[in-house]
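Q: I have this one open on my screen and would like to talk through a few spots in it. Could you take a look with me?

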Amino acid sequence: MKEMQVVVTMDCERPRTETHAQATGPRSYAESERFIRGYVAVAAEHGFPVSFFVHPEVALAHAALFKELAAKGSTVGLHIHPWKYMDGRYKAHFGGLSAGEQRAILSEAIGLWLHAFGTRPIYFRSGTYSANDATFAALVELGFRGSSTSLPGRVLPALNVNWAGAEPDPHRAHRCFRQLAGTMELAEMPVSVDSSVTVEKPGHRYHPDLRPDWRDMDVRRLAGNAVAQVIARAPAIPVVNLGTHNDNDYTDPDDRVCRNFRAELEEIHAACARAGVRPVGATVDAICDRVLAEPAREAEFAYV
Ligand SMILES: [Zn+2]
């Protein structure tokens with residue numbers, strides 16, 4: 001392995017005043033824009049571009065901002081928490097919707113996206129990484145080519161999240177079993193985790209991902225371990241994929257989460273250097289290009 005693709009992402013949420021006081025998200029769109037610009041600047045200091053997953057209302061509010069960032073090398077995809085969508089008529093997480101309901105909300109969101117940008121979204125991440133076995137098929141039907149909706153090992157049934165045993169590296173999605181690699185014309189880019197740590201709480205089991213928000217984790221160690229685990233697996237497309245939300249002040253070098261973000265990016269460089277691998281910034285579209293350039297191969301049938 002010569003190179004590690006580093007994909008830095010951010011999910012852009014509606015302000016909490018429009019959703020719920022306890023939800024992820026900024027206090028206002030003005031704050032949101034400042035945090036987004038700060039995040040892009042810190043990632044750029046370390047040589048990495050940013051891929052955004054943006055809630056439809058945020059796409060409308062920040063259309064000019066995301067057009068500007070896309071022109072400078074960012075990729076902008078769609079993010080949906082059904083319960084945060086518009087007037088709140090979907091009281092659900094994405095994986096709690098039927099195939100028809102998923103197609104309906106995606107279709108509505110595509111309409112808003114067209115209004116904001118004049119193009120259709122082709123990359124997707126669901127809120128909370130919530131999905132079911134209808135999700136990838138719904139995305140393909142509506143013209144998507146890439147997704148970053150799996151968080152290997154995360155099990156949170158109350159929010160319709162179950163990625164137990166999920167494929168940890170970029171792959172073609174499976175048409176009917178979401179944890180497996182398949183043959184669809186849809187690339188799935190899993191979020192990176194440190195699989196050496198397992199957190200168990202009532203109703204919730206997960207390996208920590210590399211969000212810089214953690215209060216009780218050594219984020220530098222998580223980042224180093226995640227890089228080492230990708231190198232040990234030696235997949236065809238080695239990727240470290242990390243993300244957060246637009247709700248911390250990345251313009252403030254003394255902000256706790258901003259400090260964590262810098263520490264993680266430094267550690268990704270250091271862990272790659274220790275392994276003799278070159279870290280290369282990439283956006284989600286470039287990873288999907290590589291996944292879809294590989295021929296679709298059926299897994300061998302297991303007679304057991
Ligand atoms: Zn979200």
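**A loop tyrosine and what follows**

A: Tyrosine 129 lies in the loop between strand S4 (123-126) and helix H5 (135-141), and please keep in mind throughout that this is a predicted model.

Q: Okay, is tyrosine 129 buried or exposed there?
A: Tyrosine 129 is buried, because 26 other C-beta atoms lie within 10 Å and 20 or more is the cut-off for that class.

Q: And what is its phi?
A: Tyrosine 129 has a positive phi of about 60°, although it is not a glycine. As background, most residues other than glycine have a negative phi.

Q: Where does methionine 86 sit, and what is its phi?
A: Methionine 86 is in the loop between strand S3 (75-80) and helix H4 (99-117), and its phi, near 50°, is positive in a residue other than glycine.

Q: Switching to helices, how long is H6?
A: Helix H6 covers residues 219-233, which is 15 residues, and it reaches 21 Å from its first C-alpha to its last, close to the 21 Å expected at 1.5 Å a residue. After H6 comes alanine 234, whose phi is positive, near 45°.

Q: Which residues of H6 are buried, and what do they pack against?
A: The buried ones are Val219, Leu222, Ala223, Asn225, Ala226, Val227 and Val230, and the buried residues of H6 pack against strand S1 (3-12), strand S12 (239-245) and helix H7 (256-275).

Q: How do H6 and H7 cross?
A: The axes of H6 and H7 come within 8 Å and cross at roughly 35°, and the crossing is right-handed. On the H6 side the contact includes Val219, Ala223 and Val227, while on the H7 side Ala263, Ile268 and Ala271 are among the residues involved. By class, that contact of H6 with H7 has 10 nonpolar, two polar and three charged residues.

Q: What about the largest nonpolar core, which residues have the most contacts inside it?
A: The largest nonpolar core has 78 residues, and those with the most contacts inside it are Val54, Val227, Val240 and Ile287. The largest share of this core, seven residues, comes from H7.

Q: What does valine 54 touch?
A: Leaving aside neighbours within four places in sequence, valine 54 is in contact with Cys12, Ala59, Phe66, Val76, Leu78 and His79.

Q: Now arginine 14, where is it, and is it buried or exposed?
A: Arginine 14 is found in the loop between S1 and helix H1 (29-45), and it is buried, with 24 other C-beta atoms within 10 Å. Not counting residues up to four places away in sequence, arginine 14 touches Thr19, Gly25, His55, Glu57, Val58 and Lys84.

Q: Last one: where is histidine 62, and what is it in contact with?
A: Histidine 62 is in the loop between helix H2 (56-61) and helix H3 (63-71), and, with neighbours within four places in sequence left aside, it is in contact with Tyr29, Ser32 and Glu33. The C-alpha atoms of histidine 62 and tyrosine 29 are separated by 8.0 Å, although the two residues are 33 residues apart along the chain.

Definitions and conventions. Residues are numbered from 1 along each chain as its sequence is written. This is a predicted model: local features need pLDDT of at least 70, side-chain atom pairs count only at pLDDT 80 or more; totals for chains, interfaces and linings use all residues. Helices (H or I, at least four residues) and strands (E, at least two) are DSSP runs, numbered from the N terminus. The expected span of a helix is 1.5 Å times one less than its number of residues. A residue is buried if 20 or more other C-beta atoms lie within 10 Å of its own, exposed if 12 or fewer, and partly exposed in between; C-beta atoms are placed from the backbone. Two residues are in contact if their C-beta atoms, placed from the backbone, lie within 7 Å. A nonpolar core is a set of buried Ala, Val, Leu, Ile, Met, Phe, Trp, Tyr and Cys residues joined through C-beta atoms within 7 Å. Axes are lines fitted to C-alpha atoms, for helices over the stretch in contact, and angles run from 0 to 180 degrees between N-to-C directions. A crossing is left-handed if the near helix is turned anticlockwise from the far one by less than a right angle, and right-handed if clockwise. Ala, Val, Leu, Ile, Met, Phe, Trp, Tyr, Cys and Pro count as nonpolar, Asp, Glu, Lys and Arg as charged, and the others, Gly among them, as polar.
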